[in-house]
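Okay, thanks for making time, everyone. I'd like to walk you through one model today, piece by piece. Have a look at it on the screen first.

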Amino acid sequence: MTRVAAVDCGTNSIRLLVADADPATGELADLDRRMTIVRLGQGVDRTGRLAPEALRRTFAACREYAGIIKEHGAERLRFVATSASRDAENRDEFVRGVLDILGAEPEVISGDQEAEFSFTGATKELAGGDHLPKPYLVVDIGGGSTEFVVGDDGVRAARSVDIGCVRMTERHLVRDGVVSDPPSEEQVAVMRADIEAALDLAEETVPLREARTLVGLAGSVTTVSAIAQELPEYDSAAIHHSRVSHDRVREITEWLLRSTHAERAAVPSMHPGRVDVIAAGALVLLSIMERIGAEEVVVSEHDILDGIAWSCASAE
């Protein structure tokens, strides 16, 4: 066993996993898994820079995580930063802050690397069973980007495109600095066209329609599953490996797009940090399902964070 700590710093949230990893058995035993909404990508699509308040929120979460990592005595730490910090002009400020707090330099990985980590995290425990037909299409709907990866026992093709839930919300659903409540039909139509154009790009390199099992990752997908199950609170065990039909995803997406902020916030399983961006994330999921003709999505709580942990455990 190797005790590892993995941090995934995305556009909307920063997450920590401290776990004991056994590469021989494929077992990853969680010691601590948590998520904090920091909205690091606030305004990046418009300004090209990380906002000072977004950096403050992110560094505060890093200080909390540093204490947890020390408490558990993790032997190895890997900090991976994704779309927002990859795009920002002032990413050096972000790198210096993380290094000072955690003693580890954040790795600003490419979209393809992001997709490979997501695939490993999502499918490692599926590989031992034959109940889900291959190849898999793993879709990780993040805040700034969505990663697509098709593979069987390993990655065959991967692509990252800029249609994350935060980016789509800020680009299409914000008027005069406020998220439309609810958005107009025109706003939704333009957002849908943007998503479809990004799916065209993804299909240039990833054979999306060859997939026989769609596996969905990250907060937009897991929240849709929680809503579909009408959970009284967010329950990772109930969500992990749940299946949501295309018809149910469509019903939920249509409701989210016509709901108000207050109505979305009243959903008991909804994280407060997702209230304004969940409609865009759900529309990305629905668009993908319609593009490939998927009858259902298999929802995984294990994703890029688990893939980062595995890479950390296997590092020399």
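Strand E1, residues 2–9, is mostly covered, with seven of its eight residues buried. Buried here means under 20% relative accessible area, while exposed is over 50% and partly exposed is in between, with a 1.4 Å probe and protein chains only. When I say helix or strand, I mean a DSSP run, H or I over at least four residues for helices and E over at least two for strands, numbered from the N terminus.

Before I go on, the housekeeping. This is a predicted model, where local features need pLDDT of at least 70 and side-chain atom pairs count only at pLDDT 80 or more, although totals for chains, interfaces and linings use all residues. Residues are numbered from 1 along each chain as its sequence is written, and side-chain values use heavy atoms, with hydrogens and water left out.

Back to E1. What does E1 pair with? Strand E2, residues 13–22, runs antiparallel to E1 over eight bridges, and a hairpin of three residues joins the two. Asp-8 has Arg-15 in E2 as its bridge partner. E1 also pairs with strand E4, residues 76–81, this time in the parallel sense over six bridges, and there Val-4 stands opposite Arg-76. For pairing, the rule is that DSSP finds at least two bridges between the strands.

Now the other sheet I want to show you. It's an open sheet of six strands in the order E8-E7-E6-E11-E13-E12, and the pairing is mixed. Strand E8 (155–161) and strand E12 (243–245) stand at the edges with a single partner strand each, so one side of each has no neighbour in the sheet. From one strand to the next, the twist averages 25 degrees.

Zoom in on E13, residues 296–299. Strand E11, residues 213–217, pairs with E13 in the parallel sense over two bridges. Val-215 has Val-298 as its bridge partner in E13, and Gly-216 stands opposite Val-299. E12 runs antiparallel to E13, joined by three bridges, with Ser-245 opposite Glu-296.

So which helices lie across this sheet? One is H8, residues 219–228, which lies across strand E6 (136–141), E11, E12 and E13, at about 105 degrees to E13. Another is H12, residues 278–292, which lies across E6, strand E7 (146–151), E11, E12 and E13, and runs at about 160 degrees to E6. Since you'll ask: axes are lines fitted to C-alpha atoms, for helices over the stretch in contact, and angles run from 0 to 180 degrees between N-to-C directions. Contact means heavy atoms within 4.5 Å.

H12 also packs with helix H10, residues 246–258, at an angle of about 150 degrees, and their axes are 9 Å apart. The crossing is left-handed, meaning the near helix is turned anticlockwise from the far one by less than a right angle. Among the residues that meet there are Val-249, Thr-253 and Leu-256 from H10, and Ala-282, Leu-286 and Met-289 from H12.

On to aromatics. How many aromatic pairs does the structure hold? Two. Take Phe-119 and Tyr-136: the ring centres are 6.4 Å apart and the planes are at 55 degrees, so the pair is tilted. The cut-offs are centres within 6.5 Å for rings of Phe, Tyr and Trp (its six-membered ring), with planes under 30 degrees apart stacked, over 60 edge-to-face and the rest tilted. Phe-119 belongs to helix H5 (residues 111–123) and Tyr-136 to E6, so the pair ties together parts 17 residues apart in sequence. Phe-119 is buried at 2% relative accessibility, and Tyr-136 is buried at 1%.

There's a charge over a ring as well: the charged end of Lys-124 sits over Trp-310, 4.7 Å from the ring centre. That counts if NZ of Lys or CZ of Arg is within 6 Å of the ring centre and within 35 degrees of the ring normal.

The bond from Lys-134 to Pro-135 is cis, with omega near 0 degrees, and Pro-135 is in the loop between H5 and E6. The bond from Asp-181 to Pro-182 is cis too, with omega near -5 degrees. His-241 has a positive phi, near 65 degrees, without being a glycine, and is partly exposed at 33%.
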